[in-house]
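Subject: Structure handover and notes

Hello,

Please find the structure below, with my notes after it. Could you read them against the model when you have time?

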Amino acid sequence: MTPTTISERAAERIAVLLARHGEELARHIRRMVRDDDAAQDILQDTLIRAHGALARLPAGANTRAWLYRIATNTSLNHLRSRSRERAALERHAAEREVAAAPEPDAGVTPGETERATLWARVARLPERQRLALTLRIVDELDYEEIATRLGGTAAGARANVYQATRKLRLGVHTR
Amino acid sequence: MITEPIEVERRAVERIVLGAFGELTGRRREPLRYAMMEDTPVGVLGLASGARGLRHLSYVRDEDDFLKRLLDEHGDVPVLRTDTLDDVRRALARYFAGKRLDFDLRVDLSDLPTFQRRVLDATARIPAGRVSTYGEVASRAGSPRASRAAGNALHVNPVAIVVPCHRVLRADGSLGGYGGGVRIKEWLLAHEGARPGVV
């Protein structure tokens, strides 16, 4: 995934991007793909892509928002392999179940089953709606910040979250 | 909804970034974490700490300038922006407010040459409100005749203010030089109630 030969100058420019934005990008990517090894690969790909395009970025452009968009697109490409995505989301749902369980040996309660069902339904939402919803509810971001990370406008992010919650409320399972 | 504990996420994120640093840049040593203090009476300050304490407190133009210096100076060390250098920030805020002029912070000078480290150790023992001379500091560092070398060592003090190289003056009481500029040296001494020219 990652080329092994990077010039020294390129490595230094990548070091600057990693130093300034590495942690927030890694957090964002990891929350999207739910897999630490994949997240590192995606972060590396993001930086290599960003570095390749850095010279074409207009002066005064918002580097942070631009990096988030590359990270988001790279993560989406990764997730588009459907089986991987499903496995990751099922793991995600399972983790939430473990975390939400009141006691480790309390057995399955009706609440747990409902939550598992809800997460399975979230997993089946269209990609942008699912990501916008997760960023809104799990990460508690405002629409402006969601737009920064996913690309598009704050109004678009709001619409995606609205559509997602509406579908979950109506019990719509398919896209 | 419940997410994983913040600390678990923080460690995983750090592993991912350090992994990428190693793969892409060959920087694999213990990381340096840096933060900026933009609005101080002496201008923009860059702070950087490793696991064993504060390693840089520098007068800088801006974040890019500071970051470039850190990456240049530490060729095999990953550098990460952080918002966790709160102890250093709080100590500096108290200092600038005049509430507490001495620092109780862990400072890591272990990377420096022995003589420079000794000079900075001697300098760190000059209390606020007092001043010393390059010759005195050289003597306390074990080399009484090396006052010029002591001056050079202080000029490249990596931890300004906290290691108070501004409290070291010429033997005739004149200010001498300062890495951040002589006007800042003057300001710091006045702020501490020391009178330049009266040793």
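In these notes, two residues are in contact if their C-beta atoms, placed from the backbone, lie within 7 Å. The model is predicted, so local features need pLDDT of at least 70 and side-chain atom pairs count only at pLDDT 80 or more, while totals for chains, interfaces and linings use all residues. Residues are numbered from 1 along each chain as its sequence is written, and chains are lettered from A and ligands numbered from 1 in the order in which they are written.

Chain B first. An automatic or database domain assignment divides chain B into domain 1 (6-21 + 28-96) and domain 2 (114-191). Between these two domains, 8 residues of domain 1 are in contact with 9 residues of domain 2. The domain 1 side of that contact has 5 nonpolar, 2 polar and 1 charged residues. Here Ala, Val, Leu, Ile, Met, Phe, Trp, Tyr, Cys and Pro count as nonpolar, Asp, Glu, Lys and Arg as charged, and the others, Gly among them, as polar. Taken over C-alpha atoms, the centres of the two domains of chain B are 24 Å apart.

Next, the contact between the chains. It takes 26 residues from chain A and 23 residues from chain B. On the chain B side, helix H1 (6-25), helix H2 (63-73) and strand E4 (79-81) each supply at least two residues; helices (H or I, at least four residues) and strands (E, at least two) are DSSP runs, numbered from the N terminus. H1(B) gives the most to this side, with 12 residues. By class, the chain B side divides into 13 nonpolar, 4 polar and 6 charged residues.

Chain A has 8 helices and 0 strands. Of its 175 residues, 31% are buried, meaning that 20 or more other C-beta atoms lie within 10 Å of the residue's own, with C-beta atoms placed from the backbone (exposed is 12 or fewer, partly exposed in between). Among contacts in chain A between residues at least 6 apart in sequence, 63% join residues at least 24 apart.

Leaving out residues up to four places away in sequence, the contacts of A:Ala132 include A:Ile146, A:Leu150 and A:Val161.

H7(A) is worth a look. A:Ile146, A:Ala147, A:Thr148, A:Arg149 and A:Leu150 in this helix are buried, and the buried residues of H7(A) pack against H1, H3, helix H6 (127-137) and helix H8 (154-170) of chain A. Helix H3 (residues 63-79) and helix H7 (residues 143-150) of chain A pack at about 65°, with axes 6 Å apart; axes are lines fitted to C-alpha atoms, for helices over the stretch in contact, and angles run from 0 to 180 degrees between N-to-C directions. In this contact A:Ala65, A:Tyr68 and A:Thr72 of H3(A) meet A:Thr148, A:Arg149 and A:Leu150 of H7(A). Just after H7(A), A:Gly151 takes a positive phi of about 85°.

Last, A:Arg136 lies in helix H6 of chain A. A:Arg136 is buried because 21 other C-beta atoms lie within 10 Å. Not counting residues up to four places away in sequence, A:Arg136 touches A:Leu141, A:Ile146 and A:Val161. A:Arg136 and A:Val161 are 25 residues apart in sequence and 7.4 Å apart in space, C-alpha to C-alpha.

Regards
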